[in-house]
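Welcome, and thanks for taking a look at this protein with us.

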Amino acid sequence: MRYIPRKHEDTIAQNLYLLQSKITFIFSIRYPKDVWASLSPELRRIARKTEPGDLPDSPEGRVLRRAEYIYELDACFAAQLLPDLTIGESSYPGYTVNTSCALLSVSLTARQYVDASECLSGIAKNPELLPLLAAILYCPCTYSPDRAHGNAALFASADPATLEAVALNFQALVLMLFTKTHFSILWQRGKDTGKNKLSVGLKEGIYALSEDGYGDIDKVGDMSLTEYLEILRKKKIDAVRTLHSADMKLSEIAEKTGLDINTINSII
């Protein structure tokens with residue numbers, strides 16, 4: 001799911017540098033391991049997001065000012081930073097993200113999210129998918145794959161940096177959903193590659209829920225994303241409890257579900 005932006009011309013790179021100095025929350029700062037290990041937990045929290053020159057004037061702060069460091073992209077957040085895109089004289093509203101009252105809701109439908117995720121996965125090898133991703137995420141009215149595909153040529157006229165910002169914003173939401181929320185149990189670690197992958201394919205999940213009586217393919221696909229993920233999460237929890245009731249060993253449950261032992265214990 002990781003998206004690596006293309007190289008831009010100097011003017012775009014300069015704009016990104018200027019934005020970096022003003023919008024720091026999508027960046028983190030990495031120091032050498034030996035320097036980092038000597039810091040207090042509180043200073044580590046501050047130092048990850050604060051320029052060395054702006055750190056407290058303390059012995060530890062002075063150590064960090066002398067140390068080498070690099071910026072890393074830390075795009076993992078639930079926010080819509082590009083609420084609409086303007087193409088020509090028309091404005092296209094995008095999906096919304098609401099985190100009020102300590103709850104997360106996203107206006108994307110299950111099918112829209114699945115299509116956008118598949119598109120995002122292919123962008124690193126085929127950047128020409130960027131306009132299609134924007135067309136999916138900024139599809140007017142009710143989402144339709146055909147409508148989104150039809151609008152892809154229109155979104156191709158948008159500024160390349162804007163299209164990459166759309167991809168970055170969506171990637172941040174994807175990572176937030178599956179690493180920082182209770183939906184993380186839908187994520188498993190592949191033993192062979194060491195990379196994370198969904199234990200239940202989201203696209204296949206639409207067909208599975210339809211077969212389970214949640215409605216036809218279109219009805220399941222039109223579910224809100226959070227409702228869809230909640231159902232998949234409950235099904236995975238139920239599967240763990242069913243395996244446990246069948247006296248299956250925890251190690252075997254972990255192998256079948258991709259969950260770690262601590263998570264399995266918290267479920268059962």
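## A buried serine

Let's begin with serine 28, which is buried at a relative accessible area of 5%. Here, buried means under 20% relative accessible area, exposed means over 50%, and partly exposed lies in between, using a 1.4 Å probe and protein chains only. Serine 28 sits in strand E1, residues 27-30. Helices (H or I, at least four residues) and strands (E, at least two) are DSSP runs, numbered from the N terminus. Leaving out residues up to four places away in sequence, serine 28 touches Arg48, Lys49, Ile70, Tyr71, Glu72 and Asp74; a contact means heavy atoms within 4.5 Å.

A word on the model itself: it is predicted, so local features need pLDDT of at least 70 and side-chain atom pairs count only at pLDDT 80 or more, while totals for chains, interfaces and linings use all residues. Residues are numbered from 1 along each chain as its sequence is written, and side-chain values use heavy atoms, with hydrogens and water left out.

## Rings that pair up

A pair of aromatic rings is described by the distance of the centres and the angle of the planes. Rings of Phe, Tyr and Trp (its six-membered ring) pair if their centres lie within 6.5 Å; planes under 30 degrees apart count as stacked, over 60 as edge-to-face and the rest as tilted. The count by this rule is seven aromatic pairs. One of them joins tyrosine 31 and tryptophan 36, a stacked pair with 6.1 Å from centre to centre and 15° between the planes. Tyrosine 31 is buried, at 5% relative accessible area.

Tyrosine 69 and tyrosine 71 make an edge-to-face pair, 6.1 Å centre to centre with 85° between the planes. Tyrosine 69 is partly exposed at 33% relative accessibility, and tyrosine 71 is partly exposed at 32%. Ring pairs connect Tyr31, Trp36, Tyr69 and Tyr71 into a cluster.

## The nonpolar core

In soluble globular proteins, nonpolar side chains tend to be buried together. A nonpolar core is a set of buried Ala, Val, Leu, Ile, Met, Phe, Trp, Tyr and Cys residues joined through side-chain atoms within 4.5 Å. The largest such core has 49 residues, and Phe170, Phe178 and Tyr228 have the most contacts inside it. Among the elements that each supply at least two residues of this core are strand E3 (84-87), helix H5 (110-123), helix H8 (160-179) and helix H11 (225-245). H8 gives the largest share, eight residues.

What does tyrosine 228 contact, leaving aside its neighbours within four places in sequence? Its partners are Ala110, Leu202, Gly205, Ile206, Leu209, Val220 and Met223.

## Charged partners

Side chains of opposite charge can pair when their charged atoms come close. A salt bridge is a side-chain nitrogen of Lys or Arg within 4 Å of a carboxyl oxygen of Asp or Glu, and the count by this rule is seven. In one of them, glutamate 42 meets arginine 45 with the closest N and O atoms 2.6 Å apart. Both lie in helix H3 (residues 41-47), three residues apart, about one turn of the helix. Glutamate 42 is partly exposed at 44%, whereas arginine 45 is exposed at 54%.

Lysine 235 and aspartate 212 also form a salt bridge, with 2.6 Å between the closest N and O atoms. This pair links distant parts of the chain, 23 residues apart: lysine 235 is in helix H11, and aspartate 212 is in the loop between H9 and helix H10 (217-221). Finally, Asp57, Arg62 and Arg65 are linked in a salt-bridge network.
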